[in-house]
Amino acid sequence: MSVNRCMYLFSRLQRHITTRTGRTTAGSCHVSSGSGLLHKQQQAGAGVCSRNVSSNSSPKPPDTSLFVPVSLKTDFSADGSVGIELTQPLDKNELLKVLNRFYKKKEMQKMAADHGLDARLFHQAFISFRKYVLEMTSLPADLHIILSDICSGAGHVDDIYPYFTRHAKQIFPMLDCMEDLRKISDLRVPANWYPEARAIQRKVIFHAGPTNSGKTYHAIQRYLAAKSGVYCGPLKLLAHEIFEKSNNAGVPCDLVTGEERTFMDSDGRAAGHVACTIEMCSVTTPYEVAVIDEIQMIRDLSRGWAWTRALLGLCAEEIHVCGEPAAIDFIRELMFTTGEEVEVNTYQRLTPFTILDHAVESLDNLRPGDCIVCFSKNDIYSISRQIEARGLECAVIYGSLPPGTKLSQAKKFNDPDDPCKILVATDAIGMGLNLSIKRIIFNSLIKPNVNEKGEKQMEAISTSQALQISGRAGRFSSKFKEGEVTTMHRDDLPVLKEILSHAVDPIETAGLHPTAEQIEMFAYHLPDATLSNLVDIFVSLSQVDGMYFVCNIDDFKFLADMIQHIPLNLRSRYVFCTAPINKKQPFVCTSFLKFSRQFSRDEPLTFDWVCRHVGWPLSAPKNIKDLVHLEAVHDVFDLYLWLSYRFMDMFPDIALVRETQRELDDIIQQGVRNITRLIRATDPTITDSLQTQGRPSVGNSGSASSSYSTHSRDQREQRGSGEMMDRSLASRLVRDGLLTPDLLRQLQREWSEDQKQEFSNQSGLDTEHHNNNNKGKQKKKKK
């Protein structure tokens with residue numbers, strides 16, 4: 001059984017074992033316009049019913065490991081002298097014995113537990129109390145007198161308890177307001193957060209179908225025919241597509257994304273229609289029609305909250321929901337809590353795609369219209385350079401490329417007059433790009449994912465992901481009316497067939513997240529807690545019913561911890577931490593830190609300041625490292641534009657930065673067009689080695705057209721075993737990032753030295769064996 005198959009079966013087993021009830025994974029914090037305040041959550045008159053909500057159920061105990069003790073800065077010097085005058089100075093040794101007796105009493109620990117101090121907090125509070133009593137130069141008069149009486153035998157050790165609890169509540173202020181914190185973090189009835197939507201009776205239409213079935217097309221037709229409407233999509237590219245389609249159809253439409261606002265009216269008045277990314281939709285503006293695309297992403301561990309918010313909160317007479325049939329039952333159940341019925345329209349795929357019975361196995365077997373799907377940029381680089389070594393051109397698309405570069409590469413691949421007929425891409429092609437693909441080839445079926453605990457893990461792609469990618473082959477609007485799907489490696493093909501043979505796992509939960517208002521209310525009760533700690537405590541105390549989960553907050557906490565030392569008010573700090581940046585890019589993280597520091601000084605971030613920071617103007621990339629840096633600079637410009645729409649006075653040069661970003665996009669496009677040259681410049685030794693391995697045999701024509709022909713099995717088997725080993729192991733290890741080029745060269749040297757040493761040793765043994773044989777023969781002759 002192959003490794004891919006084992007991982008696939010194991011991942012399916014994990015999904016079957018996991019239950020959906022009461023999921024409360026870490027939550028994601030994002031700024032959302034129109035978010036409900038606490039009193040909106042708790043309105044009883046909204047007429048919203050909810051599944052699995054039990055007001056009598058006991059709340060879950062808080063995760064006390066998140067409770068960080070607060071430092072005390074109280075000075076009782078004047079009051080303390082009164083205690084000394086009334087009694088006498090305390091004997092520190094005797095006092096230590098008294099305090100330790102108090103700590104060991106089981107009755108005290110039980111009383112503390114009844115007041116919210118579990119064993120962990122009791123121990124932390126006692127250590128702090130003991131240090132406070134023994135090290136303070138003067139104590140409050142009442143505490144001094146009680147301790148003096150106990151030491152002299154006139155009091156009981158239990159008398160310490162009220163003063164201990166007073167101290168515990170001072171260093172753990174959340175103990176005094178636990179009920180209030182629980183109410184703020186009660187997320188069990190999120191439909192009540194949107195009173196404007198609950199005030200109208202909405203009609204919900206679910207357009208269900210696979211990719212390339214026309215479901216979104218029908219929803220958009222109703223959107224264009226309406227007097228007003230909003231389109232909510234998961235990607236900027238999709239929002240741009242609807243924006244252009246609407247205006248081309250004579251329907252004035254605005255564009256709203258995190259980094260961009262485009263108004264068709266010259267005076268800046270809002271048009272009746274708007275296309276936006278789903279996080280940016282307004283839940284207070286009334287519309288006739290709203291379209292929510294890719295509704296299955298409501299279960300996304302990081303962004304699912306945005307689909308939940310749009311579905312529950314949009315003020316539209318008609319809500320058109322587009323997505324996989326696996327979401328139908330859940331959306332019906334979710335809408336039942338708001339008293340709204342769901343009408344379902346189902347669609348079939350317009351063009352068929354078939355799963356081939358053979359894998360590609362070699363890049364020599366590529367054909368025009370092929371798209372090789374990888375799940376890492378290393379694979380993209382490796383395969384694209386091997387294709388170029390065969391004299392072929394290929395387009396390249398991956399997630400971190402700017403939208404303009406993605407569109408440029410897609411146009412290059414789709415152009416029938418362009419010699420580029422092969423596409424190498426990540427799963428970024430699954431949404432937002434119209435591509436003319438005949439055959440989808442999965443280079444691997446293993447993809448890095450983030451689980452519900454926020455941990456990164458490698459697992460086989462899901463049926464939903466496989467269908468989303470496979471559906472890009474043979475699209476209705478392309479020149480290929482039928483699609484094909486296969487794998488690069490023979491062992492992966494039966495795994496892919498099994499993945500695609502299963503039904504898509506039904507959607508069972510929707511994402512939620514704490515709002516800025518909720519975090520501010522937490523901060524009112526816990527003024528000394530850090531933002532990261534506030535969010536942790538919120539998630540720990542949050543209550544959700546079985547239909548919801550709290551989204552992952554790791555990225556938010558990462559940014560919060562990064563700028564914790566910078567003096568910002570809570571709302572500004574919260575907004576900064578919701579910025580959509582790639583934390584894996586050091587240059588982007590450094591820029592984020594500098595932006596927040598400059599902002600905290602109340603100094604506007606001008607165009608000149610940003611140019612000095614990024615080193616603009618920048619030249620065309622000379623290697624892959626340069627290209628990656630340019631992509632990071634593009635992300636920094638995106639960060640500036642995103643912040644500029646939230647703090648306009650502090651990020652004033654929107655137009656200049658946007659124009660510079662367009663110039664940078666052109667430079668990146670130039671680099672991607674020459675990506676194989678950049679790869680060679682990055683590592684010429686390994687590239688030359690791979691090119692030698694991938695070069696067609698002498699018997700084949702060197703022309704590009706003949707390179708598409710399939711080599712026979714006999715020709716493949718005639719290749720040397722060493723070459724096959726290198727292609728299947730060494731090059732794949734380099735491509736997958738498991739082996740660096742330097743390590744590969746070192747291994748080659750060591751292998752060569754070992755071979756020489758082994759040959760030398762073998763020669764010595766042969767010589768010794770030969771000599772022994774000769775001696776034996778001579779002895780026989782003498783006898």
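In what follows, a residue is called buried when its relative accessible area is under 20%, exposed when over 50%, and partly exposed in between, using a 1.4 Å probe and protein chains only. By that definition Phe 576, with a relative accessible area of 0%, is buried, and I shall return to it.

Colleagues, the structure above is a predicted model, in which local features need pLDDT of at least 70 and side-chain atom pairs count only at pLDDT 80 or more, while totals for chains, interfaces and linings use all residues. Residues are numbered from 1 along each chain as its sequence is written, and side-chain values use heavy atoms, with hydrogens and water left out.

The protein has 32 helices and 18 strands; these are DSSP runs numbered from the N terminus, helices being H or I of at least four residues and strands E of at least two. Of its 783 residues, 51% are buried.

Let me turn to the sheet. Eight strands form an open sheet with mixed pairing, in the order β4-β3-β5-β2-β6-β7-β1-β8. Its edge strands, β4 (261-262) and β8 (342-346), each pair on one side only; two strands pair if DSSP finds at least two bridges between them. Strand β1, residues 203-208, runs parallel to β8 and is joined to it by 5 bridges, with His 207 opposite Asn 345.

How is β5 placed, enclosed or open? Since 5 of its 5 residues are buried, β5 is largely enclosed by the rest of the structure. His 273, Ala 275 and Thr 277 point one way, Val 274 and Cys 276 the other. Strand β5 pairs in the parallel sense with β2 over 5 bridges and with β3 over 4 bridges. Thr 277 is the bridge partner of Gly 233, and Val 274 that of Asp 254.

I come now to the aromatic residues. There are 19 aromatic pairs in the structure, where rings of Phe, Tyr and Trp (its six-membered ring) pair if their centres lie within 6.5 Å; planes under 30 degrees apart count as stacked, over 60 as edge-to-face and the rest as tilted. Phe 576 and Phe 647 are stacked, because their ring centres are 5.7 Å apart and their planes at 25 degrees. Phe 576 lies in helix α22 and Phe 647 in the loop between α25 and α26, so the pair ties together parts 71 residues apart in sequence. Phe 647 is also buried, at 13% relative accessibility.

Phe 595 and Tyr 640, with centres 6.3 Å apart and planes at 80 degrees, are edge-to-face. Both are buried. One aromatic cluster includes Phe 576, Phe 595, Tyr 640 and Phe 647.
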